[in-house]
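Colleague: I am new to this structure and would like to learn how to read its features. Could we go through it together, with the general idea before each case?

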Amino acid sequence: MAQRDDVKSYDIRTYGCQMNVHDSERLAGLLEEAGYVRSAAGEEADVVVFNTCAVRENADNRLYGNLGHMASVKARKPGMQIAVGGCMAQKDRGEVQRRAPWVDVVFGTHNIGSLPVLLERARVQEAAQLEIKESLEAFPSTLPTRRESAYAAWVSISVGCNNTCTFCIVPSLRGTERDRRPGEILREIEALVDEGVVEVTLLGQNVNSYGAEFGDRAAFSKLLRACGQIDGLERVRFTSPHPRDFTDDVIEAMAETPNVMPSLHMPLQSGSDAVLKAMRRSYRRERYLGIIERVRAAIPHAAITTDIIVGFPGETDADFEQTLEVVREARFASAFTFQYSKRPGTPAAEMEGQIPKEIVQERYDRLAPLQEEISWAENRALVGREVELLVSEGEGRKDGATHRLSGRARDNRLVHFSVGETAQDGLPRPGDAVTVVLTQAAPHHLIADGEGGGSAIRALRRLRSGDAWAARQAAPVDQGKPAVALGMPSVGVPAPLPAAPSCG
């Protein structure tokens, strides 16, 4: 159905981590509940929302460059509104409107629910609106959500962070940790499963400190076990834990709860005790490696991924060599390797011993190939193994040309699998499960091809989540009415590799 002339469209542009992606789902839900519709591809929306990140190097330059481009777009589209939210808005506050006076609304991380009201107020008053709250007034889970996928979803269990890592600005922008009650989380998961979701990722800045607010140190492991009791929930993941808070009861819950997946993203940041101390990371190399050893003893096929920062202030050649040693010993399935970037407002930005860019680059250029070599070797070791995949949507950019579909294994590895000449009505749908045998490996994915160019599928389970996906494709779209759906954003299912350094 064509969009009505009186209906305004929106476009949300998201930068940064999974928390921002999840916030954007809620912003979309709020706007659709207020009567907006998502803009079509290539269309200039009536409302453009920038949900920003303050972690990346030059994040502010990128934001203001994009806002500069939007000034000319807005000039030729009367009535268009621009809003800026997220961590950069929380940090810069009035600076956004000073540098980009054509921005209509600036809102912070603690009041995303205010966006529709602020847009309307800016329109009626014909004046820019700035609203930055200092603390969370209501947990974002109470807000409507517009999720893109029928089969997988983020579920926030906490917001904020109590850690004081010297390189991280996020706690000062997201606030101290606030935990949801377990019953509320489980009710949300049950509602998602009722809608067809079969995979959830529990989300927090530091998931395994969950329960600190209400005094239960075992709350996270209890939550994992409770997820195992939800009928129809096939896969449970979580991100990101902090090694300081990672306890054996969590390992036991992972190993003993069948629907908790054998994958773990646990940030290392550095393999040097001296650098970890300067980072204020509250654990040391041996503790980190001990956790990995215990996880692998309990869950032999677990895929462990991590984050590493190269070139932190004061990092010596010996410190960096210790990081390489840990990478060789840990044998991560994959790692996000970041060159340290100075973030104004963090203690690390004022530290002595800032490393010259060329040295940081040289170290990065040694670490990245080492990890890629390890990732490839770990993937090659899986060739010949039978795995079950949850078929995903939009993860294989070359799938059309190669006659393959894509899916995630239980350990969250990405697998592209051939379907041969299978008739369209016999193909698995996103949200269905297939069993394949892995035939080839690359550093960042695996391949399952059938014999003689045929289908690699050995078994197909048509799931309710696949039914939900099919129903959504078949449903007529009335762009004149808001629709708040359940599922996951198209940027990941859920993304095993964060777009920005995690806070764990």
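Colleague: In which loop is Glu-126 found?

Modeller: Before the case itself, please note that this is a predicted model, in which local features need pLDDT of at least 70 and side-chain atom pairs count only at pLDDT 80 or more, while totals for chains, interfaces and linings use all residues. Residues are numbered from 1 along each chain as its sequence is written, and side-chain values use heavy atoms, with hydrogens and water left out. Helices (H or I, at least four residues) and strands (E, at least two) are DSSP runs, numbered from the N terminus. With that settled, Glu-126 is found in the loop between α5 (115-125) and β6.

Colleague: What is the phi of Glu-126, and where is the cis peptide bond?

Modeller: The general idea is that most residues other than glycine have a negative phi, and that most peptide bonds are trans. Glu-126, although not a glycine, has a positive phi of about 55 degrees. The cis peptide bond joins Thr-239 and Ser-240, with omega at about -10 degrees, and Ser-240 belongs to the loop between β11 (235-239) and α9.

Colleague: How should I read a sheet, and what is the order of the open sheet of 6 strands?

Modeller: Strands of a sheet pair through backbone hydrogen bonds, either parallel or antiparallel; here two strands count as a pair if DSSP finds at least two bridges between them. The open sheet of 6 strands runs in the order β2-β1-β3-β4-β5-β6, and its pairing is parallel. At its edges are β2 (37-38) and β6 (129-131), each of which pairs on one side only. Strand β1 (residues 9-14) is joined to β2 by 2 bridges, the two running parallel, and Ser-9 has Val-37 in β2 as its bridge partner.

Colleague: Which strands does helix α1 touch when it packs on that sheet?

Modeller: Contact means heavy atoms within 4.5 Å, and directions are compared through axes, which are lines fitted to C-alpha atoms (for helices over the stretch in contact), with angles from 0 to 180 degrees between N-to-C directions. Helix α1 (residues 18-33) touches β1, β2, β3 (47-52) and β5 (105-107), and its direction makes about 170 degrees with that of β1.

Colleague: What is the order of the open sheet of 3 strands, and how is β15 joined to β18?

Modeller: The open sheet of 3 strands has the order β12-β13-β14, again with parallel pairing, and its edge strands, β12 (263-265) and β14 (334-339), each pair on one side only. Neighbouring strands of this sheet are turned against each other by 10 degrees on average, direction ignored. Strand β13 (residues 303-310) pairs with β14 in the parallel sense over 6 bridges, and Ile-309 stands opposite Phe-338 in β14. By contrast, strand β15 (residues 386-391) and strand β18 (residues 433-437) run antiparallel and are joined by 5 bridges, with Val-434 in β18 as the bridge partner of Leu-389.

Colleague: At what angle do α9 and α11 pack, and which residues make the contact?

Modeller: Helix α9 (residues 248-256) and helix α11 (residues 285-298) pack at about 25 degrees, with their axes 9 Å apart, which makes α9 roughly parallel to α11. The contact is made by Asp-248, Ile-251 and Ala-255 of α9 together with Ile-291, Arg-294, Val-295 and Ala-298 of α11. Where Ala, Val, Leu, Ile, Met, Phe, Trp, Tyr, Cys and Pro count as nonpolar, Asp, Glu, Lys and Arg as charged, and the others, Gly among them, as polar, these residues divide into 5 nonpolar, no polar and 2 charged.

Colleague: How many aromatic pairs does a search of the whole structure find?

Modeller: Rings of Phe, Tyr and Trp (its six-membered ring) pair if their centres lie within 6.5 Å, and planes under 30 degrees apart count as stacked, over 60 as edge-to-face and the rest as tilted. The search finds 7 aromatic pairs. Among them, Phe-167 and Phe-312 are edge-to-face, at 6.5 Å centre to centre and 85 degrees between the planes. Phe-167 lies in the loop between β8 (158-159) and α6 (170-174) and Phe-312 in the loop between β13 and α12 (317-330), so the pair ties together parts that are 145 residues apart in sequence.

Technical notes
Angles under 35 degrees count as roughly parallel, over 145 as roughly antiparallel, 65 to 115 as roughly perpendicular and the rest as oblique.
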